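Good morning, everyone, and thank you for making time for this.

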Amino acid sequence: MSSSLSPLTFFFSLSLFGFSEINKSLFFFSRMSELVKTLVLRPDISKPKWDQSTFEGRAKHFLAITNPLNLFYGGNQLDDFKKIVENYRKGSVPDDLTLSQLWKAKHVVDSAFHPSTGEKMFMVGRMSAQVPMNMAITGGMLTFYKSPMAVIFWQWLNQSFNAVVNYTNRSGDGGSVSQLLVSYCAATGGALTAALGLNSMVKKAPPLVGRLVPFVAVCVANAVNIPMMRRGELTDGIDILDENGQVIGQSPGVAKSAISQVVVSRVFMATPTFAFIPIVVNALEKRPYFKANPKMFLPLQTILCGLVLSVSTPVGCALFPQLTPVTFDQIEPELAQKLKNLPNPPKQLYCNKGL
């Protein structure tokens with residue numbers, strides 16, 4: 001008796017689950033289509049839509065921020081989105097503005113405008129350009145890794161792109177042009193030295209080891225590139241903010257921690273593409289089809305890079321909160337004492353670690 005009813009019970013349970021999920025989806029979409037003016041409790045867009053104290057919330061946030069579709073909005077559209085956000089913060093809400101449109105404007109603005117300076121960021125340096133740019137560059141690096149001239153070109157291109165990203169997503173204002181030029185040359189030189197040096201060392205090693213050289217070179221380069229491009233923060237300090245987002249000091253010590261977190265995030269983003277894809281390609285290389293069509297490796301690796309990066313980029317950005325909590329013990333004693341002596345000393349400190 002029980003065995004004959006079990007399929008029916010299973011189907012009934014599955015149906016209930018399906019209806020439950022459909023109801024949740026309908027509620028979500030009906031909620032997002034609500035007019036903002038009719039809401040009793042309006043959203044606080046000074047903060048991300050999702051809870052940034054959790055990894056899941058940060059991952060959802062950066063999935064929206066790093067969405068490559070954000071690149072298709074032109075200058076006028078970006079200005080319109082920014083106007084929506086700025087007017088909302090001032091209390092001015094259009095009659096036809098929906099909750100969905102408000103959050104879309106907020107995410108596009110966060111994607112295109114610097115969080116500290118408010119300036120429109122250079123398109124190539126935006127985090128929404130990470131997937132399309134990196135999938136092309138990484139595909140070339142993984143395919144053309146044997147020839148010294150190819151290694152030089154792709155490593156130079158990669159580090160030039162990274163330099164633009166690092167500068168665009170710096171925590172605050174950048175240094176002088178001469179400082180940036182010295183930093184770029186040092187970072188690119190370090191990347192090329194690591195790549196060429198490692199390539200010469202593994203000439204007689206198995207093919208898979210050679211394919212992993214770009215990954216090691218990228219890790220080394222990130223450790224050089226990011227601190228060099230942001231060395232102004234290491235000497236002058238990163239901005240320390242209070243609970244209201246107001247700058248109340250600068251701390252070189254906190255800058256070291258913030259930049260270290262960015263290095264770890266960037267290495268994490270690169271790991272799946274540079275470590276996983278070479279293993280897959282090394283196995284496919286032995287197949288008759290790929291032996292007869294070696295030119296297929298470039299499009300194959302590029303597509304695989306795009307698929308992997310679409311996940312690893314937001315996940316890597318989400319490893320650490322962008323607005324990172326800072327304790328009084330982390331900042332310099334002089335600054336800590338100065339802040340504690342203020343008429344209304346801050347209860348919690350933060351810094352924007354950059355991306």
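Predicted model: local features only at pLDDT ≥ 70, side-chain atom pairs only at ≥ 80, totals over all residues.

Let me begin with helix H14, which covers residues 333–340. Which residues of H14 are buried? They are Leu335, Ala336 and Leu339, and when we look down the axis of H14 these buried residues fall within an arc of 100°, so they line one face of the helix. For those of you who are new to this, an α-helix has 3.6 residues a turn, so residues three or four places apart point the same way. On the face of H14 that is turned away from the buried side we find Pro333, Glu334 and Lys338, which are exposed. As for what the buried residues of H14 pack against, the partners are strand S1 (238–241), strand S2 (247–251) and strand S4 (349–352).

Now to the pair of helices. Two packed helices are described by the angle between their axes and the distance between the axes. Here the pair is helix H11, residues 252–284, and helix H13, residues 297–317, whose axes come within 9 Å and cross at roughly 150°. Because angles over 145 degrees count as roughly antiparallel, H11 and H13 are described as roughly antiparallel to each other. The crossing in which H11 passes H13 is right-handed. Among the residues that make this contact are Phe268, Met269 and Ile277 of H11, together with Leu300, Leu304 and Val308 of H13.

Is threonine 302 buried or exposed? Its relative accessibility is 17%, and buried means under 20%, so threonine 302 counts as buried. Leaving aside residues up to four places away in sequence, threonine 302 touches Met135, Ala136 and Gly139.

The other threonine is threonine 168, which is found in helix H6, residues 148–168. With a relative accessibility of 7%, threonine 168 likewise counts as buried. Again leaving aside residues up to four places away in sequence, threonine 168 touches His114, Met121, Phe122, Gly125 and Arg126. Finally, threonine 168 and glutamate 119 are 49 residues apart in sequence, while their C-alpha atoms are 10.0 Å apart in space.

Notes:
Residues numbered from 1 in each chain as written. Heavy atoms only, no water. Buried < 20%, exposed > 50% of the residue type's maximum accessible area, 1.4 Å probe, protein only. Helix = DSSP H or I, 4+ residues; strand = E, 2+ residues; numbered from the N terminus. Arc of directions from axis to C-beta. Contact = heavy atoms within 4.5 Å. Axes fitted to C-alpha atoms, helices over the stretch in contact; angles between N-to-C directions. Parallel < 35°, antiparallel > 145°, perpendicular 65-115°, else oblique. Left-handed = near helix turned anticlockwise from the far one by under 90°.
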